[in-house]
Amino acid sequence: MKRMKLKSIITTFTLAVSVTAGAQNISDLLSVPVINFNSTNYKLSGAQHPRSDHYKQIYLPNNQKQSNFSSMIQIEVVYSEDSIENIFQQKINELEALKKQDKTCEYSIEKNANTGEYLLNFITSTEKNKKISLVEWNAYRYKSIAGPNGTNGIMLFSITKRALGKNSTNFLTESKNNRTSWTSEISNFSLPTIKPKE
């Protein structure tokens, strides 16, 4: 597997989900078909393998669709020579830029001194006709991993909770009140073991 310099691949916001797949034909590229998180089963709902060193999969609870989900998990893996610190900082830079346009945008960061992992949780929103139409709370957990043939890798494990339309305002308050406990859940979660497929 060829090492490549990572630009800003795993820093895209979740507000527009771009991972798609036919409902009857989803290939599990990371050997993780289901994730049980906080007593809920999230099933593989979409997968992409745009480059030999880049994998991305999304997971949704039963009866939820990518077009109108309320909760989603993503796993993204990139084998790269870039550092986890640099990738994490790119995301912070994105959020700082977004704060100039999104008055609800705020974030907090943590670093695990024992594992070297970074954890970022943030709130964002979009407006329609000068009213909030979508609110998201996200937690991004970045972990350095070993790849094949001596490569280095970065794994992003993230969870998104969101509300649309008239539920957005109440969810904004809920997310601010619960972000500490929600972040703790992902921080303490045992990450799945991935086995990328060529």
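**Strands side by side**

In which sense do β7 and strand β8 pair, and over how many bridges? β7 and β8 (residues 152-164) run antiparallel, over 13 bridges. Strands here are DSSP runs of E of at least two residues, helices are runs of H or I of at least four, both numbered from the N terminus, and two strands pair if DSSP finds at least two bridges between them. Ala146 stands opposite Asn152 in β8. These two strands form a hairpin with 5 residues between them, and Asn149 in the turn has a positive phi of about 55 degrees.

On to β6 (residues 118-128): this strand pairs with β7 (residues 131-146), again antiparallel, over 11 bridges. Ser125 faces Val135 in β7.

**About the model**

This is a predicted model, where local features need pLDDT of at least 70, side-chain atom pairs need 80 or more, and totals for chains, interfaces and linings use all residues. Residues are numbered from 1 along each chain as its sequence is written, and side-chain values use heavy atoms, leaving out hydrogens and water.

**Rings that meet**

The structure holds 8 aromatic pairs. Rings of Phe, Tyr and Trp (its six-membered ring) pair if their centres lie within 6.5 Å; planes under 30 degrees apart are stacked, over 60 edge-to-face, and the rest tilted. Phe37 and Phe189 are edge-to-face because their planes stand at 70 degrees, with centres 5.1 Å apart. This pair links distant parts of the chain, 152 residues apart.

Phe37 is buried, at 4% relative accessible area, and Phe189 is buried at 17%; buried means under 20%, exposed over 50%, and partly exposed in between (1.4 Å probe, protein chains only).
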